[in-house]
Amino acid sequence: MALKNNVKALRTELNYTQEDLGKRVGVSRQTIISIERYRYKPSLELAMKIAHELGAKMEALFYFE
Amino acid sequence: MSLSKKEWSIAIEIVYSIAIALVFLPFFVHNQATSFERADLIGTLTEITVFSVLYFSIAYAVLELSHRSKITDDERCDMIHSKAYKLGYILYEIALLVFIGSLIRPAQAALQNGGVICVVLSLLIAISTIKSVYQLYLHRTL
């Protein structure tokens with residue numbers, strides 16, 4: 001089972017750039033890129049911050065596939 | 001291929017290691033059998049120090065001018081740092097064994113301090129380069 005996410009879909013819905021979202025949650029644009037490409041698994045704290053900024057529930061944002 | 005500011009700063013370290021290997025290491029390789037007095041080394045050590053200060057001042061000034069944004073050190077950076085420094089630590093342990101081995105090898109005459117400097121400098125340059133290349137690789141692939 002791999003951990004996937006809907007960060008890119010929800011981010012583009014809100015018209016945030018990767019840079020915008022990175023600034024809002026206090027990480028670099030590269031980190032957002034890595035999360036969206038499933039290369040980097042964020043910490044619980046960062047995942048919750050992203051969910052909060054995107055107005056999504058954790059289980060809707062991150063899921064196993 | 002565009003590099004982020006963080007990746008450029010790592011690339012600067014890699015180039016520095018390679019430059020030290022190309023510019024200063026040959027002097028110690030050619031003088032491995034030499035027993036240096038302290039005064040003999042002061043000139044070379046001064047050159048290395050001046051070169052290092054100038055290199056990093058110029059390189060980071062150019063980097064700051066070309067990339068105005070601030071480097072954001074986040075949890076991903078911390079993880080990459082941890083992995084790279086873990087590799088560096090393992091390499092230092094291996095290097096220590098290599099260094100001790102080079103001191104006690106029976107077939108050779110005792111190393112002069114020129115030889116000791118050559119071995120230590122070679123190992124440090126190799127470790128630093130491998131660590132930085134790995135760090136850059138992780139930044140590009142993670």
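Q: What share of the contacts in chain B between residues at least 6 apart in sequence join residues at least 24 apart?
A: Two residues are in contact if their C-beta atoms, placed from the backbone, lie within 7 Å. In chain B, 92% of the contacts between residues at least 6 apart in sequence join residues at least 24 apart. This is a predicted model, in which local features need pLDDT of at least 70 and side-chain atom pairs count only at pLDDT 80 or more, while totals for chains, interfaces and linings use all residues. Residues are numbered from 1 along each chain as its sequence is written, and chains are lettered from A and ligands numbered from 1 in the order in which they are written.

Q: Which elements make up chain B, and in what order do they run?
A: Helices (H or I, at least four residues) and strands (E, at least two) are DSSP runs, numbered from the N terminus. Chain B has 5 helices and 0 strands, so its order from the N terminus is α-α-α-α-α. The C-alpha trace of chain B spans about 55 × 30 × 20 Å along its principal axes.

Q: How is the length of a helix judged, for instance that of H3(B)?
A: The expected span is 1.5 Å times one less than the number of residues. H3(B), residues 38–66, has 29 residues and reaches 41 Å from its first C-alpha to its last, close to the expected 42 Å. H4(B), residues 75–104, has 30 residues and reaches 44 Å, close to the 44 Å expected.

Q: Which residues of H4(B) are buried, and what do they pack against?
A: An α-helix has 3.6 residues a turn, so residues three or four places apart point the same way. In H4(B), the buried residues are B:Arg76, B:Cys77, B:Ile80 and B:Ala84. The buried residues of H4(B) pack against helix H3 (29–36) of chain A, together with H1 and H5 of chain B.

Q: How do H1(B) and H3(B) pack?
A: Two packed helices are described by the angle between their axes and the distance between the axes. Axes are lines fitted to C-alpha atoms, for helices over the stretch in contact, and angles run from 0 to 180 degrees between N-to-C directions. The axes of H1(B), residues 5–23, and H3(B) come within 11 Å and cross at roughly 155 degrees. That makes H1(B) roughly antiparallel to H3(B); angles under 35 degrees count as roughly parallel, over 145 as roughly antiparallel, 65 to 115 as roughly perpendicular and the rest as oblique. The crossing of H1(B) and H3(B) is right-handed; a crossing is left-handed if the near helix is turned anticlockwise from the far one by less than a right angle, and right-handed if clockwise.

Q: Which residues join H1(B) to H3(B)?
A: B:Lys5, B:Trp8, B:Ser9, B:Ile12, B:Tyr16 and B:Ala19 of H1(B) meet B:Tyr55, B:Ala59 and B:Leu63 of H3(B). By class, this contact has 7 nonpolar, 1 polar and 1 charged residues. Ala, Val, Leu, Ile, Met, Phe, Trp, Tyr, Cys and Pro count as nonpolar, Asp, Glu, Lys and Arg as charged, and the others, Gly among them, as polar.

Q: At what angle does H1(B) pack with H5(B)?
A: H1(B) and H5(B), residues 113–141, pack at about 155 degrees with their axes 9 Å apart. That makes H1(B) roughly antiparallel to H5(B). H1(B) passes H5(B) in a left-handed crossing. The contact of H1(B) with H5(B) has 9 nonpolar, 6 polar and 3 charged residues.

Q: Where is A:Val25 found, and which residues does A:Val25 touch?
A: A:Val25 is found in H2(A), residues 18–25. A:Val25 counts as buried because 22 C-beta neighbours lie inside 10 Å. Not counting residues up to four places away in sequence, A:Val25 touches A:Leu46, A:Lys49, A:Ile50 and A:Glu53.

Q: How many residues of chain B are in contact with chain A?
A: There are 6 residues of chain B in contact with 10 residues of chain A. On the chain B side, these divide into 1 nonpolar, 2 polar and 3 charged.

How values were computed:
A residue is buried if 20 or more other C-beta atoms lie within 10 Å of its own, exposed if 12 or fewer, and partly exposed in between; C-beta atoms are placed from the backbone.
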